[in-house]
Amino acid sequence: MMPRLRALLCADAPSVWRAAGFVVDSNNQIDLGTLTIKLVSGNNTAKDVKPKGFTSWVWSGISSLDLDENNGRYSIDGVATHISISEPELNSIKPKEQVQHPNGVTHVDHVVLRSGDLERTKEAFGKIGLPLRREANDIYPGITQLFYRPGDEVIIEVVGFTAASTGTETSSQAPHSFLWGATFTVKDDLTIAKALLQDKLSEIREAKQRGRRIATLRNKELNISAALALMTPHVPKPSSVL
């Protein structure tokens with residue numbers, strides 16, 4: 001069974017995501033095609049620590065034997081990880097019709113993982129059986145990007161410093177990876193989202209991907225703790241590996 005990313009857990013209140021144009025159900029979940037965002041504000045037990053952003057993720061098709069373990073808690077390169085119910089069961093409980101979000105979002109385009117050590121992150125994904133699809137170091141100076149596809153829609157984009165630009169830190173000294181944010185694909189263009197969110201959405205600009213446009217949600221105004229962006233749909237490219 002292929003590893004599949006099934007859900008992201010986010011430490012935000014449902015109300016702030018509704019204000020951003022997402023439909024949040026009675027279970028505080030946002031259905032986004034093959035991936036669900038679960039809002040878990042207030043679930044942290046440490047009173048002096050308030051979690052922010054995407055705090056963990058849920059996978060199917062992986063084994064706990066391939067994960068890092070610490071006192072019964074599992075992780076992939078430092079990112080708290082939960083193992084889902086079996087894939088046939090999960091598919092059977094997915095809604096038949098796609099949720100229509102007022103902001104025009106249809107699904108998660110990609111999740112951004114900030115890596116403290118790219119080689120260590122590669123090894124962690126290799127242990128769960130997720131192959132590297134592409135590596136790029138010519139998009140941003142000093143930055144390397146790794147691309148994985150854990151499912152039919154979503155891409156994981158790993159971002160880290162290119163080896164030549166880092167110091168002498170070993171993998172054990174480098175900080176753990178963490179979930180930085182996510183970008184969502186809209187149905188057609190960004191005019192619906194811009195009309196709904198107005199100044200809570202940045203100006204629309206050309207994206208790095210050919211033929212696509214992007215705008216970022218202004219977190220401070222929306223009180224959303226994860227970094228989020230909206231993009232127009234993919235433009236087919238014959239030679240694309242993703």
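**Close-up views of a predicted model**

**View 1. Surroundings of histidine 107.** A polar contact of 2.9 Å links the side chain of histidine 107 to that of threonine 106. In this predicted model, histidine 107 belongs to strand S8. The relative accessibility of histidine 107 is 17%, so the residue counts as buried, the limit being under 20%. When neighbours within four places in sequence are set aside, the residues in contact with histidine 107 are Leu32, Glu153, Phe184 and Thr185.

**View 2. Pairing of strands S8 and S11.** Strand S8 spans residues 105-114 and strand S11 spans residues 155-161. The two strands run parallel and are joined by five bridges. Histidine 110 has isoleucine 155 of S11 as its bridge partner.

**View 3. The eight-stranded sheet.** Eight strands form an open sheet with mixed pairing, in the order S9-S10-S11-S8-S12-S15-S14-S13. Strand S9 (134-136) and strand S13 (205-206) each have a single partner strand and stand at the edges, so one side of each lacks a neighbour in the sheet.

**View 4. Helix H3 across the strands.** Helix H3 comprises residues 118-127 and lies across S8, S9, S10 and S11. Strand S10 covers residues 143-148. The angle at which helix H3 runs to S11 is about 155°.

**View 5. Pairing of strands S2 and S3.** Strand S2 is joined by four bridges to strand S3 (residues 35-39), and the two run antiparallel. Within this pairing, aspartate 31 stands opposite threonine 36 in S3.

**View 6. The chain as a whole.** The chain holds five helices and 15 strands. Of its 242 residues, 44% are buried. Among the contacts in the chain with a separation of 6 or more, 66% are between residues 24 or more positions apart. The chain exposes about 13,100 Å², of which carbon and sulfur atoms supply 51%.

Terms used. Residues are numbered from 1 along each chain as its sequence is written. This is a predicted model: local features need pLDDT of at least 70, side-chain atom pairs count only at pLDDT 80 or more; totals for chains, interfaces and linings use all residues. Side-chain values use heavy atoms; hydrogens and water are left out. Two strands pair if DSSP finds at least two bridges between them. Contact means heavy atoms within 4.5 Å. Axes are lines fitted to C-alpha atoms, for helices over the stretch in contact, and angles run from 0 to 180 degrees between N-to-C directions. Buried means under 20% relative accessible area, exposed over 50%, partly exposed in between (1.4 Å probe, protein chains only). A polar contact is a pair of N or O atoms within 3.5 Å; within protein, one must be able to donate a hydrogen and the other to accept it, and residues adjacent in sequence count only if both atoms are side-chain atoms. Accessible areas come from the Shrake-Rupley method with a 1.4 Å probe; for residues, only the protein chains shown count as cover.
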